[in-house]
Each structure stands twice: as C-alpha cells, then as structure tokens.
Amino acid sequence: MAASHHVSAPHRAAEAPRRGGSAPHRVVIAVFPDVDLLDVTGPAEVFALANREMPEAGTRYDVRLAGPGSGLVRTSAGVRLATDLTLDEVGADVDTLVVPGAVDGAGAPVIDPGLVAWIEGTARHARRVASVCVGAHLLAAAGLLSGRTATTHWATADRLAADHPDVTVDPDPIYVRSGDVWTGAGISACMDLSLALVAEDHGERVALDVARQLVMYLKRQGGQSQFSVPLWQAPAERRDIDELRAWIAANPAADLSAAALAERMCLSERHFSRVFRTETGATPAAFVEAVRVEAARRLLEGTDEPLGRVAASSGLGSPETLHRVFRRRLGTTPAAYRRRFRTAA
C-alpha cells in the first residue's frame with residue numbers, strides 16, 4: 001500500500017507576494033479521489049515558476065485546488081492534497097480550468113456524473129479549459145469536446161473515440177488546442193501543456209525560462225508525437241510480421257520497397273501487401289515512411305549530423321525528400337525541428 005502524505009499545491013502561487021497592478025489570473029484545478037498526482041502538481045508547479053520568471057508587470061497566476069468537499073483528497077499515489085475550496089465555492093471567477101484524470105483498477109477512465117455536471121457548468125464561465133491525460137474523458141462527457149479534435153493518453157484514445165463519436169480523437173500529439181479548449185496526452189505531457197498555456201499568456205521567453213528551471217532540456221510543441229512508431233504499433237497476429245516490423249525499425253536505410261520486403265517474407269508482392277495491411281492496419285509504404293521519419297527525428301534531436309547524412313541514415317535519401325516528408329507529416333522543416341527539439345549533447 002502506498003504511503004499516505006499530506007501536501008498542499010507546490011509553491012502555491014497565491015501565497016507569493018503580488019507583483020504588478022493587474023488582477024491575478026485565477027487557475028482552478030479540480031481534484032477528486034484517486035486523481036493522478038502529477039496531473040495536479042505538474043501544472044501547479046509550472047504556473048508557480050512562471051510567477052517567478054515573468055516580467056515585473058506580468059499578470060500572476062493564482063492557483064487553487066477545488067475538491068468535492070473541504071479537507072484532504074487522496075490521490076492515486078497515496079499522497080493527500082489539501083483543497084483550497086469546494087467545487088461549489090468556485091463560482092464564475094475562473095480564468096483557466098484544469099481537469100486532471102483518474103483511472104480505475106482496470107485502467108478505465110473514472111467518470112463521476114456529479115463532477116461532469118460541475119465541469120459543464122464551470123466551463124461556461126472559464127476563459128479556457130484544459131484537460132490532462134484521461135481528464136479528456138471528463139471533458140467529453142461534459143459535452144465540451146463535441147465537434148472538436150482532442151487527444152488523451154494513448155492507452156485510452158480508442159475508448160474516447162468509441163464513447164464519443166462526435167469527437168475527433170488524435171492519439172499522437174502531446175497536446176491539442178481547439179479554440180478555448182486544450183487537451184493533453186499522458187502523465188508528463190501535463191508539463192508541456194502547461195508551458196504552452198504560459199506561452200499563450202506571457203510569450204515563449206517566459207515559457208522557455210520555466211522549462212529551464214524545470215531542467216526540461218527542450219520544450220516540446222503540441223505536434224510532437226507522444227510515443228514512437230514501435231510503441232504505437234499493436235502486436236500483430238503473425239509473429240513473422242512483428243519480426244519484420246522490428247527489422248524495418250532497426251534498418252531504416254535498407255531497401256524497404258514492397259518488392260524487397262515481400263521477397264524477404266517469401267511472398268508475392270501483392271499477397272505480402274495484403275497480409276501486412278490486414279495485420280497492421282497500415283500499408284508497407286506508410287509504415288516504412290513512419291519508421292524513417294522517426295529515425296530522422298532521433299538524429300535531429302540527438303546529433304549535429306548535416307541534413308544530407310540524416311536523410312541518408314534514416315532512409316529518406318536526400319535533403320529534399322527529408323524536407324518534403326517533414327513538411328507533410330510534421331508541419332515543419334528539419335532545420336526548425338532541430339532548433340526546437342535538439343537535446344543537450
């Protein structure tokens with residue numbers, strides 16, 4: 001059994017002395033039994049550090065934890081959080097509403113009807129709403145994601161799409177913004193989402209300063225994938241297809257044409273393409289390109305290799321092809337991607 005501890009929101013923004021003359025930006029984070037701890041403390045820490053890093057005249061964040069009742073709320077980690085106010089006490093004075101998530105013993109999102117009703121009512125008054133991880137399921141249940149594109153933890157994305165066909169679920173990005181509603185991916189992505197909110201309020205400079213304080217080597221934009229190609233691919237029924245995918249991932253610069261792969265599998269090209277798509281849900285060409293883009297991203301993030309060598313090593317061939325594929329799949333250029341996501345050597 002996890003140890004039980006009692007903590008307040010980290011570096012509570014409201015307790016710091018006010019700077020500047022403007023009214024504070026009120027952030028309300030909903031907490032409830034078995035909520036994921038980092039979903040709560042991650043955003044609170046980012047907003048608190050932003051108060052330290054922003055210019056003197058900046059509008060400070062006032063972070064409040066709101067729970068079903070007064071007192072302590074036990075999180076999934078066993079740590080108990082002290083609420084500042086009850087859900088009923090929140091009222092209409094909300095600038096940013098943050099909705100974290102919780103899962104039950106089977107890994108299914110916890111949906112409490114009373115909490116959903118409160119979210120629906122409170123969101124009407126909030127300037128923006130953001131969910132963290134499986135908190136997206138609560139937003140969807142409250143009707144806030146209808147007609148929007150959203151993301152969530154990859155493990156529950158299929159369930160979100162099945163339960164709410166009116167929501168376009170994209171399981172890949174770290175976070176998605178759709179108007180005044182933001183949704184974030186799993187667990188640590190709450191930091192990236194919170195940094196994006198800070199950047200919207202105070203600019204990239206403040207957000208980057210906060211990222212440095214958190215010893216985050218890079219600040220990932222929403223379009224960056226929350227997982228790699230091998231993790232995304234579910235196991236195939238046929239072991240030989242799984243082995244082939246692993247070989248492709250390990251050899252992105254090899255001849256990975258459908259003809260070459262079919263020959264490796266001792267199948268006709270037509271039969272191979274049909275079997276591969278049935279087993280994986282993707283064509284051989286689409287899977288190969290995804291693997292090669294993943295390889296190129298790793299090289300851009302972790303090395304100073306010139307673009308020509310990155311293109312050759314990843315199997316994309318030329319800088320022109322590398323540029324074209326990055327534009328189409330990631331909406332950016334290889335050089336811009338490297339500037340944003342390059343990690344420390």
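Visitor: Is Val293 buried or exposed, judged by its relative accessible area?
Guide: In this predicted model, Val293 has a relative accessible area of 4%. A residue counts as buried when that value is under 20%, and 4% falls under the cut-off, so the word for Val293 is buried.

Visitor: How are α11 and α13 oriented to each other, roughly parallel or roughly perpendicular?
Guide: Two packed helices are described by the angle between their axes and the distance between the axes. For α11, which covers residues 284-302, and α13, which covers residues 319-330, the axes are 11 Å apart and the angle is about 105°. Angles from 65 to 115 degrees count as roughly perpendicular, and therefore α11 and α13 are roughly perpendicular.

Visitor: How many residues of the contact of α11 with α13 are charged?
Guide: On the α11 side the contact includes Ala286, Glu289, Val293 and Arg297, while on the α13 side it includes Leu322, Phe326, Arg328 and Arg329. When the residues of this contact are divided by type, nine are nonpolar and none are polar, and the number of charged residues is four.

Visitor: At what angle do α5 and α6 pack?
Guide: Helix α5 takes in residues 189-202, and helix α6 takes in residues 204-213. Their crossing is right-handed, with Leu195, Val198, Ala199 and His202 of α5 meeting Glu204, Val206, Ala207, Val210 and Ala211 of α6. The residues of this contact divide into seven nonpolar, one polar and one charged. The axes are 7 Å apart, and the angle is about 145°.

Visitor: Within what distance do the axes of α1 and α6 come?
Guide: Helix α6 also crosses α1, at roughly 115°, and this crossing is right-handed. Val46, Leu49, Ala50, Arg52 and Glu53 of α1 make the contact with Val206, Asp209, Val210 and Gln213 of α6, and these residues divide into five nonpolar, one polar and three charged. The axes of the two helices come within 9 Å.

Visitor: How many disulfides does the count come to?
Guide: A disulfide is a covalent bond between the sulfur atoms of two cysteines, and here a pair counts when those atoms are within 2.5 Å. For Cys190, which is buried with a relative accessible area of 1%, the closest cysteine sulfur is that of Cys133, at 8.7 Å, which is too far for a bond. By this rule the number of disulfides is zero.

Visitor: Where is Asp34 found?
Guide: Asp34 is a residue other than glycine, and its phi is positive, near 70°. With a relative accessible area of 40%, Asp34 is partly exposed. As for its place in the chain, Asp34 is found in the loop between β2 and α1.

Visitor: What is the relative accessible area of His25?
Guide: His25 is found in strand β2, which runs over residues 25-30. Not counting residues up to four places away in sequence, His25 touches several others, among them Tyr61, Asp62, Asp95, Arg127 and Asp201. His25 is buried, and its relative accessible area is 8%.

Visitor: What share of the 345 residues in the chain do buried residues make up?
Guide: Taken as a whole, the chain has 14 helices and twelve strands. Of its contacts with a separation of 6 or more, 67% are accounted for by residues 24 or more positions apart. Among the 345 residues in the chain, the share made up by buried ones is 49%.

How values were computed. Residues numbered from 1 in each chain as written. Predicted model: local features only at pLDDT ≥ 70, side-chain atom pairs only at ≥ 80, totals over all residues. Heavy atoms only, no water. Axes fitted to C-alpha atoms, helices over the stretch in contact; angles between N-to-C directions. Helix = DSSP H or I, 4+ residues; strand = E, 2+ residues; numbered from the N terminus. Parallel < 35°, antiparallel > 145°, perpendicular 65-115°, else oblique. Contact = heavy atoms within 4.5 Å. Nonpolar A, V, L, I, M, F, W, Y, C, P; charged D, E, K, R; others polar. Left-handed = near helix turned anticlockwise from the far one by under 90°. Buried < 20%, exposed > 50% of the residue type's maximum accessible area, 1.4 Å probe, protein only.
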